[in-house]
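Please keep the sequence and the structure in view while reading.

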Amino acid sequence: RFHHVLVDEYHSDWERTDKPYDTEWYGHDAGYNYACIYDYLTRYYDASRLNAPITDEVLRNCDVLVLKTPTKMYAPKEHPDELAIIRRFVERGGGVLLIGEHTNVFGIGKSLNQIAEIFGFRYRYDCLFGIDTPFDQLFLRPMVPHPVVQNVASMDFAVSCSIDPGTSNGRAV
């Protein structure tokens with residue numbers, strides 16, 4: 001089955017997917033973007049961008065919803081059902097990938113925590129890295145991996161945050 005991945009651009013003014021890094025575009029916005037990752041996704045999945053509020057109709061044919069660096073809150077006064085819609089989507093078997101910054105820059109952490117809290121955890125606004133490798137954190141798949149990471153051999157994170165153990169009711173991946 002060919003999976004459909006939907007990337008939410010509506011809630012984000014940061015790290016866009018719609019303008020690739022090139023030799024003509026420089027500066028902060030050029031360096032902080034997800035265009036290459038989106039291009040990669042399109043090579044393996046049916047991928048599209050969401051430039052409108054999240055609705056049940058929008059998620060009808062979606063398998064994975066990517067909530068990437070949201071700078072706008074979910075469920076604002078104009079669209080009060082977004083959080084309930086995301087919950088229903090996951091309860092029906094849909095996947096949600098949360099991508100953020102390790103701090104609350106531009107309100108990204110607060111926006112992602114709106115979603116995380118639905119599922120029983122909360123991100124801290126901190127910075128994790130190894131003592132010998134500042135700003136890098138290498139994940140290596142354990143011998144008995146969690147199903148979520150069973151096909152990920154390794155991943156090199158560039159600064160991640162921790163999950164607040166006082167509010168989490170899940171288990172580590």
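Among contacts (heavy atoms within 4.5 Å) in the protein chain between residues at least 6 apart in sequence, 65% join residues at least 24 apart. The model is predicted: local features need pLDDT of at least 70, side-chain atom pairs count only at pLDDT 80 or more, and totals for chains, interfaces and linings use all residues. Residues are numbered from 1 along each chain as its sequence is written, and side-chain values use heavy atoms, with hydrogens and water left out.

The protein chain contains five helices and six strands, where helices (H or I, at least four residues) and strands (E, at least two) are DSSP runs numbered from the N terminus. Their order along the sequence is β-α-α-β-α-β-α-β-α-β-β. Of the 173 residues, 33% count as buried; buried means under 20% relative accessible area, exposed over 50%, and partly exposed in between (1.4 Å probe, protein chains only).

Helix α5, residues 108-118, illustrates such burial: nine of its 11 residues are buried, among them I108, L112, I115 and I118. The cover over these buried residues includes β3 (64-68), α4 (82-91) and β4 (95-99). Just after α5, G120 adopts a positive phi of about 90 degrees.

Y45 lies in the loop between α2 (35-44) and β2 (46-50), and is partly exposed, with a relative accessible area of 35%.
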